[in-house]
Amino acid sequence: MNLLPLLLGIAATPRLSVLAYHRVLAERDPLLPVEPSAAEFEHRMRWVKANFEVLPLGEAVRALREDCLPRRALCITFDDGYADNYRIAAPILRRLGLPATFFVATGFLDGGCMFNDVVIEALRAAPGPDLELDDLGLGRHPLGSDGERSRAIDRILARLKYFELERRSEAAREVARRVGARMRGDLMMTTGQVRALHAAGMEIGAHTVTHPILAEVTPERAREEIAESRARLQAITGAPVRLFAYPNGTPLRDFRREHVALVRELGFDAAVSAAWGAARAGDDLYQIPRFTPWDRADWRFGLRMAHNLMRHDYARAEGTHGATNVF
């Protein structure tokens, strides 16, 4: 007997699960071990379709507001605006009849390269056996294997993403310069691809212009990043952009109460974070949590989803709080 459907429906109150992806690759990449291949993503989406009621995020937000969320409701989201979202993920989703929301950092459209990808491609090209970046504040890293390179990427990006914006960009370019790596111009979507996603029925959401950690920039810069991103996407799609995703998205560390208030003030309908948990009616629609298990096995993925559905004490920008009885 398959117990997963019973476990996924155990919560007495309907909850919203939201999955968050960044990339879907043609084939597995040892330097990006958590990013699924096309085959893995299609398998996971078929499993999701069989076990959840998949809704557009905007529709799920309305259902939360009106307290009419179906049981086992789930939304699929993507962050940043990678070209493989359009080339690989979207065709799979359309073939399976699944909606998704794509949160786009507009400053990297049409040939841009995010700072993290500059570093990833630099460490892919670095000759090894190690990389000395102490003078940049990024440490020293062994590069003797793909595993070591992947772990070095994680360590470097964990520091680099909290650098001041100009220093972040300059440091990433300096890493690439030292190893002789070129910045790629084909990783992010074009404006035409964003427009085509919208025309195909997918939701487009704002994700700032340059992907800053909002808690690390001035209030004025935060407002500009959010508002200009939405304005650019509305110009591209010719439609209102009503959803927002906080860059990096950890409550209190990456965004705070004032950023939640700002997103609400700017007229968005809802926003998503990177806190683990599942939302229910009455929760703050500007801090909807997202949780994506990276397990390949269906049963492990399902158990983690079931456990996450029973959590209601997820982190919020005003502090961690929630019901003590999660059933």
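Which side chain meets Glu265 in a salt bridge? The partner is Arg223, at 2.7 Å from N to O. The model is predicted.

**Salt bridges across the sequence**

A search of the whole structure finds 23 salt bridges.

| Asp29 | Arg124 | 2.8 Å |

Glu265 sits in helix H10 (residues 257-265) and Arg223 in helix H9 (residues 219-237), so their bridge ties together parts that are 42 residues apart in sequence. Glu265 is exposed, with a relative accessible area of 53%. Arg223 is partly exposed, at 34% relative accessible area.

Asp29 forms a salt bridge with Arg124. Asp29 lies in the loop between strand S1 (16-21) and H2, and Arg124 in helix H5 (residues 115-125), so this pair links parts 95 residues apart in sequence. Asp29 is buried, with a relative accessible area of 13%. Arg124 is partly exposed, at 35%.

Asp79 belongs to strand S3 (residues 73-80), and Arg290 to the loop between strand S9 (270-272) and helix H11 (298-309), so the bridge ties together parts that are 211 residues apart in sequence. Both Asp79 and Arg290 are buried.

Salt bridges with shared partners also join Asp135, Glu174, Arg177 and Arg178 into one network.

**Helix H2**

Helix H2 covers residues 38-51, 14 residues in total. At 1.5 Å a residue H2 should span 20 Å, and its end C-alpha atoms are 20 Å apart, which agrees. Buried residues in H2 include Phe41, Met45, Trp47 and Val48. Glu42 and Arg44 of H2 are buried as well.

Methods: Residues are numbered from 1 along each chain as its sequence is written. This is a predicted model: local features need pLDDT of at least 70, side-chain atom pairs count only at pLDDT 80 or more; totals for chains, interfaces and linings use all residues. Side-chain values use heavy atoms; hydrogens and water are left out. Helices (H or I, at least four residues) and strands (E, at least two) are DSSP runs, numbered from the N terminus. The expected span of a helix is 1.5 Å times one less than its number of residues. Buried means under 20% relative accessible area, exposed over 50%, partly exposed in between (1.4 Å probe, protein chains only). A salt bridge is a side-chain nitrogen of Lys or Arg within 4 Å of a carboxyl oxygen of Asp or Glu.
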